[in-house]
Amino acid sequence: METRAHPQRWLVLGVLCLSVMVVVLDNTVLNVAIPSISTGLGAGTSDIQWMINAYSLVLAGLLLTSGALSDRFGRKRALVLGLAVFGVGSAVAAYAGTPEALIAARAFMGLGAAFLMPGTLAVLVQLFDERERPRAIAIWAAVSSIGLAGGPVIGGFLIDHFWWGSVFLVNVPVAAFAVAAVVLLVPEPKDPAVRRPDLPGSALSTIAMTLLVWAVISQPEHGWGSARVLTALGVGLVALLAFGWWERHTPEPMLDLAFFADRRFSGAVTGGVLAAFGMGGSLFLLTQHLQSVLGYSPLEAGVRVAPMAVAVLVVSNLCAGLGARFGAGNTMVLGMSGVAAGLLALSFSTADGGYSATLAGLVLIGSGVGIAMPVAANALMSAIPPERAGIASGLNGTLTELGNSFGIAVLGSLLAARFAADLPDALPEGAERSMSSALQAAAGSEELTLAVREAFVSGMSVSLVVGACAALLGGVLSGLMLRRSEKVPA
């Protein structure tokens with residue numbers, strides 16, 4: 001059915017991009033603010049991980065359900081609701097007085113983002129015809145790279161000139177402006193076919209992922225053999241199996257498992273999840289390394305993380321046709337190998353070695369993502385019928401968020417375990433809770449301070465090697481699947 005082009009569609013696209021920018025900036029800004037939040041709230045490593053994971057888990061658990069709800073009740077309403085919830089959550093986060101309050105506020109922000117993200121893409125697909133849609137989606141996707149580059153710089157500037165809560169407070173006026181723009185400019189698309197939300201599936205997936213990630217985060221403190229960790233793992237796995245069973249038997253599943261039968265879809269998702277695993281965890285560690293070990297200010301640290309996003313932006317444009325020329329499978333292996341090489345380069349950073357290894361690693365990671373990302377996106381969308389593009393986008397976003405959460409949890413846990421083991425015995429009990437705690441305990445002794453920094457770098461190196469292995473494995477697996485799909489006639 002032909003739809004008349006909306007006269008203000010490009011202006012509406014700007015509003016949609018602004019809405020996405022709020023979410024992307026918030027996550028990258030938070031990475032830079034971690035050391036200041038840790039000091040200001042007395043938060044330990046596990047608290048910091050939960051500040052990130054609470055948001056990601058709510059977002060990942062509700063993306064598909066919120067997409068179905070926006071189809072039923074209206075995408076415009078979903079956008080307004082998502083922006084409003086995100087803005088309120090940001091205001092609460094800015095003035096949180098305890099780690100627990102900030103974790104709760106971050107979870108509330110994740111709820112807002114869950115309604116916001118699928119709505120933007122659904123409205124975009126509705127407004128643009130097949131001729132203009134690729135360009136519009138490319139602009140929408142480019143915002144993520146710009147946000148990735150700008151977030152650390154903006155966050156660093158705010159931390160340098162204000163208090164840590166300003167990184168959340170800055171979202172409030174932007175969200176308020178976006179709400180007004182959505183109300184005034186965005187039309188309310190109506191879908192003739194409505195899919196009911198899969199509430200049991202959403203609940204089971206959220207329970208499973210929350211418990212599994214909680215178990216991984218808690219492992220350094222309680223150990224794999226503790227009752228609480230084993231119980232969380234067991235219940236989480238049962239919930240995950242129940243989720244799979246339910247999705248196979250319910251008539252309108254949140255996650256259509258038939259998607260995974262297509263090797264293009266499976267290959268794209270595999271690469272995306274394992275890349276998110278390695279990169280999410282590495283950025284969580286890297287911003288702490290730049291500030292707490294190398295001594296950069298938050299703004300200086302933000303500027304030094306930006307080359308990765310710049311490399312993504314440049315390489316993705318220069319290598320856009322690489323997949324068509326050399327095959328999607330080969331290009332995916334090349335891109336993910338670049339990500340793995342970058343993470344490996346970061347693992348050679350030292351406590352007193354400067355920024356050169358970090359710069360090389362960031363450029364390699366960004367270049368690898370710039371090569372692999374367009375190939376993965378094209379494979380993903382070509383494997384799904386156009387009328388299911390919103391669900392496919394929600395599913396991909398869900399799995400990417402989960403990969404990011406597990407990356408932070410697993411790599412953070414490895415860091416915490418190695419960090420605690422390598423700390424000098426002269427430090428008092430409790431110093432192993434976080435980098436800031438250990439540095440405070442070592443204050444006044446240059447020798448102990450250097451030993452604390454070296455312990456952190458040692459733990460970070462182990463974690464980054466694991467992240468590099470995950471990225472390389474993702475490249476090999478996704479490359480094999482995409483190669484096989486290319487050999488099967490369409």
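These legends describe close-up views of a predicted model.

**View 1. Helix α10 against helix α11.**
Helix α10 covers residues 263-293, and helix α11 covers residues 298-318. The two pack at an angle of about 145°, with axes 9 Å apart. Their crossing is right-handed. From α10, the contact uses Met279, Leu283, Thr287, Leu290 and Gln291. From α11, Pro298, Ala301, Arg304, Val305 and Met308 take part. By class, this contact has 7 nonpolar, 2 polar and 1 charged residues.

**View 2. Helix α10 against helix α13.**
Helix α13 spans residues 328-346. It packs with α10 at an angle of about 20°, the axes lying 11 Å apart. An angle under 35 degrees counts as roughly parallel, so α10 is roughly parallel to α13. The crossing of this pair is left-handed. On the α10 side, the residues in contact are Gly271, Ala275, Gly278, Met279, Ser282 and Leu286. Facing them in α13 are Met336, Val339, Leu343 and Leu346. The contact of α10 with α13 has 7 nonpolar residues, 3 polar ones and no charged ones. Met279 of α10 takes part here and also in the contact with α11.

**View 3. Arg263 in helix α10.**
Arg263 belongs to α10, which runs over residues 263-293. Its relative accessibility is 38%, so Arg263 counts as partly exposed. Leu482 lies 219 residues from Arg263 along the chain, yet their C-alpha atoms are separated by 6.2 Å.

**View 4. Gly370 in helix α14.**
Helix α14, residues 356-382, holds Gly370. The relative accessible area of Gly370 is 0%, so this glycine is buried. Leaving out residues up to four places away in sequence, Gly370 touches Val312, Val315 and Ser316. Val310 is 60 residues from Gly370 in sequence. In space, the C-alpha atoms of Gly370 and Val310 are 9.6 Å apart.

Helix α9 has 23 residues, 227-249. At 1.5 Å a residue, α9 should span 33 Å. Buried residues in α9 are Val229, Ala232, Gly236, Ala239, Phe243 and Glu247. An α-helix has 3.6 residues a turn, so residues three or four places apart point the same way.

Conventions:
Residues are numbered from 1 along each chain as its sequence is written. This is a predicted model: local features need pLDDT of at least 70, side-chain atom pairs count only at pLDDT 80 or more; totals for chains, interfaces and linings use all residues. Side-chain values use heavy atoms; hydrogens and water are left out. Helices (H or I, at least four residues) and strands (E, at least two) are DSSP runs, numbered from the N terminus. Buried means under 20% relative accessible area, exposed over 50%, partly exposed in between (1.4 Å probe, protein chains only). Contact means heavy atoms within 4.5 Å. Axes are lines fitted to C-alpha atoms, for helices over the stretch in contact, and angles run from 0 to 180 degrees between N-to-C directions. A crossing is left-handed if the near helix is turned anticlockwise from the far one by less than a right angle, and right-handed if clockwise. Ala, Val, Leu, Ile, Met, Phe, Trp, Tyr, Cys and Pro count as nonpolar, Asp, Glu, Lys and Arg as charged, and the others, Gly among them, as polar. The expected span of a helix is 1.5 Å times one less than its number of residues. Angles under 35 degrees count as roughly parallel, over 145 as roughly antiparallel, 65 to 115 as roughly perpendicular and the rest as oblique.
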